[in-house]
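This briefing is meant to be read with the sequence and the model side by side. It begins with a pair of helices and then turns to individual residues, grouped by topic.

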Amino acid sequence: MKLYQIILMMIIPFTIITGCNMDKEEGMKNEQDKDHSIEGNAMDNYNEPSADGQVGYVRFQKDQLDQEAEKNHKIKVNREQMADMITRMILRYEDFDDVATLVADDEILVAYTAPEDKDRNEAADMIKKTAYSLVPSFYHVYVSDDPEAYGDIQSLSNSTVYDEQYSEVIDRIVDRMKKSPQGETNSENVKES
């Protein structure tokens, strides 16, 4: 009986503390939901955590956003995930076995080994069309089948867009990549293709 009382005395305070924390967390979540949903509609919130295969959906009304802050709001993309996605999509083509992709501030650099039986210009066009189909329209895609392009791209893999001389290094690599065929696709005509 005494053992039972001791266990009960230990469980009750833990249950009360845990219950209070849960209520506090739910209250904070409900408060956040009010800030992000339209008229408190739970269906207009972000899906957190998003499940595998979950669609992306967000809804705001203009008066919910600070318009002055929105003018300065920068669109952020996960460059690593974007590079991964582009590389994987290109490797789905039967003829391509080796691809490296670097997503910079507004440039995408792709090094690849061109199939021997494919026209170099046609291969470049395939690579560029694939990359453009996966990224926002402000990006410019540069490609190269020169084996040295792999090293050029890899040399930037630990860089940030805030590094000193970042722009100069990107410009030098882009100039070298432009010596390889670039295909017919570019940022201006990609929407027409």
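Predicted model: local features only at pLDDT ≥ 70, side-chain atom pairs only at ≥ 80, totals over all residues.

**How H3 and H4 cross**

- Helix H3 spans residues 79-91 and helix H4 spans residues 120-134, and the axes of the two come within 10 Å of each other while crossing at roughly 140 degrees.
- Angles over 145 degrees would count as roughly antiparallel and those from 65 to 115 degrees as roughly perpendicular, and H3 and H4 are therefore described as oblique to each other.
- The crossing that H3 makes with H4 is right-handed.

**The chain as a whole**

- The protein chain contains 6 helices and 3 strands, and when it is read along the sequence these elements follow the pattern α-α-α-β-β-α-β-α-α.
- Of the 193 residues in the protein chain, 29% are buried.
- When contacts between residues at least 6 apart in sequence are considered, 61% of them join residues that are at least 24 apart.

**Methionine 82, a buried residue of H3**

- Methionine 82 is found in helix H3, and because its relative accessible area is 7%, under the 20% cut-off, methionine 82 is classed as buried.
- Leaving aside residues up to four places away in sequence, methionine 82 touches Val77, Val103, Val135, Pro136 and Tyr139.
- Methionine 82 and threonine 101 are 19 residues apart along the chain, and their C-alpha atoms are separated by 9.0 Å.

- Glutamine 182 lies in the segment after H6 and, at 15% relative accessibility, counts as buried.
- A polar atom of the glutamine 182 side chain lies 2.5 Å from the backbone oxygen of valine 143, and the side chain of glutamine 182 also reaches the backbone oxygen of serine 180, at 3.2 Å.
- Apart from residues up to four places away in sequence, glutamine 182 touches Asn121, Ala124, Lys128, Val141, Tyr142, Val143 and Met177.
- Threonine 185 likewise lies in the segment after helix H6, which covers residues 166-177, and threonine 185 is buried, with a relative accessible area of 3%.
- The side chain of threonine 185 makes a polar contact, at 2.7 Å, with the side chain of aspartate 125.

**The loop between H5 and H6**

- Glutamine 165 lies in the loop between helix H5, which spans 148-155, and H6, and although glutamine 165 is not a glycine, it has a positive phi of about 65 degrees.
- With a relative accessible area of 55%, over the 50% cut-off, glutamine 165 is therefore classed as exposed.
- Tyrosine 162 is also found in the loop between H5 and H6, and tyrosine 162 is exposed, with a relative accessible area of 76%.

- Tyrosine 162 and aspartate 105 are 57 residues apart in sequence, while their C-alpha atoms are 9.7 Å apart in space.
- Serine 167, which lies in helix H6, is 62 residues from aspartate 105 in sequence and 9.4 Å from aspartate 105 in space, C-alpha to C-alpha.
- Serine 167 is partly exposed, its relative accessible area being 43%.

Technical notes. Residues numbered from 1 in each chain as written. Heavy atoms only, no water. Axes fitted to C-alpha atoms, helices over the stretch in contact; angles between N-to-C directions. Helix = DSSP H or I, 4+ residues; strand = E, 2+ residues; numbered from the N terminus. Parallel < 35°, antiparallel > 145°, perpendicular 65-115°, else oblique. Left-handed = near helix turned anticlockwise from the far one by under 90°. Buried < 20%, exposed > 50% of the residue type's maximum accessible area, 1.4 Å probe, protein only. Polar contact = N/O pair within 3.5 Å; in protein donor to acceptor, adjacent residues only side chain to side chain. Contact = heavy atoms within 4.5 Å.
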